[in-house]
Amino acid sequence: MRTGPTTGVRTPSGLRLDLRLTILTGVLVALCVTGYVLQPDSFLSESNVSTMLRLAAAIGVVSVGMTFVIISGGIDLSVGSMVALSSVWMTTLATQSYGPWVMVLCALVVGLGAGLINGVLIAYGRLVPFIATLAMYASARGLAERLSDGRTQVVEQQGYLDFFRGDLFGIPTLIWMLAVVYVVGWVLLNRTTFGRRTFAIGGNEEAARLAGINVKRHTAMVYGIAGLCCGIAALMVVARTTSGSSTNGMYYELDAIAAVVIGGTLLSGGRGTLIGTLIGGLIFTVVNSIFTQNNLESDIQNIAKGVIIVVAVLLQYGTARNRKT
């Protein structure tokens, strides 16, 4: 029998999860060694490591929200579009005229609002998550293009750029943001009633309902968290690119789902870990950096990503079959 994430009993599934995290960590280290061997002068340099972490930051934050959604038994195909919509809305001339902190508030509210719309449609409208989030995928990016009139909106608030492109104790602000989101997400998922209910709903929704959990409200809140993470990611993307655009967040949903799956979260829900998601995202970032520094074509990078995803899913299926036998 499998126990919840907060119990002190070690179970076979828990041991398998620890083994998977160990293997993932080994893969990450091996990739870093490979990158160093191929480019000893630049791969592990401070500037390249900082660049890799900056690039991983936005996807990493989106992956936190995706982890909650998938553990609860859902899926969200709209995260990239919500990042685009948040980035465009916060960089309009009207929004920027109120100052940098109104820009921040706007991105968070737009992301949270879009996520809650997904959650309400799924929980109370009884739409299948795939359909509801696919609709948001199309409509949010369409609205972003409409608001921006198809143009890139440049950030004119220097105070915003100074803060989010700056650093604290020599570490870029974007990396601090990524760390804070992961710490808060880990505590919420593993040390609170909200996290236990998320696992319970993903494991068996009907049993969770009979146990007294308000499944509909909780599901809406989970998608709201995913939307809020997209709003935070929009802040990071705008800081890195100094602009808001309807093309921001392109393919983020694929990268986020891949990071979550590689990290060991079951697509069927009920089991997962944010630590695994973080390692999964870093693996993709390191692979991209290796390919870029060695002048390999982007199509080869995409093929490698596809192979990694297929292997990760096959490992999941193999683990599930072994658990049944």
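How far apart are the mean positions of the positive and negative charges of the protein chain? For the 22 positive and 15 negative charges, the answer is 16 Å.

A word on the model itself: it is predicted, so local features need pLDDT of at least 70 and side-chain atom pairs count only at pLDDT 80 or more, while totals for chains, interfaces and linings use all residues. Residues are numbered from 1 along each chain as its sequence is written, and side-chain values use heavy atoms, without hydrogens or water.

Now for the overall build. The protein chain holds 14 helices and four strands, taken as DSSP runs (H or I, at least four residues, for helices; E, at least two, for strands) and numbered from the N terminus. Its radius of gyration is 20 Å, close to the 20 Å from the globule rule for 325 residues, so the chain is as compact as a globular protein of that length. That radius is taken over C-alpha atoms, and the rule is 2.2 Å times the number of residues to the power 0.38. Along the principal axes, the C-alpha atoms fill a box of roughly 60 × 50 × 35 Å. Of the contacts (heavy atoms within 4.5 Å) with a separation of 6 or more, 78% join residues 24 or more positions apart.

Turning to the inside, 50% of the 325 residues are buried, meaning under 20% relative accessible area with a 1.4 Å probe, protein chains only; exposed means over 50%, and partly exposed lies in between. The largest nonpolar core has 63 residues, and Val-61, Phe-68, Val-83, Met-90, Tyr-160 and Met-236 touch the most other members. Such a core is a set of buried Ala, Val, Leu, Ile, Met, Phe, Trp, Tyr and Cys residues joined through side-chain atoms within 4.5 Å. Helix α11 (residues 215–241) gives the most to this core, 14 residues. Another core, of 16 residues, lies apart from it and includes Phe-43, Met-52, Phe-291 and Ala-304.

Asp-149, between α6 (129–148) and β1 (153–154), has a positive phi of about 55° without being a glycine, and it is exposed at 53% relative accessible area. Tyr-251, in the loop between β4 (243–244) and α12 (252–262), also is not a glycine and has a positive phi, near 70°; Tyr-251 is exposed, with a relative accessible area of 53%.

Terms used
Lys and Arg count as positive and Asp and Glu as negative; His and the chain ends are not counted. The place of a charge is taken as NZ of Lys, CZ of Arg, CG of Asp or CD of Glu.
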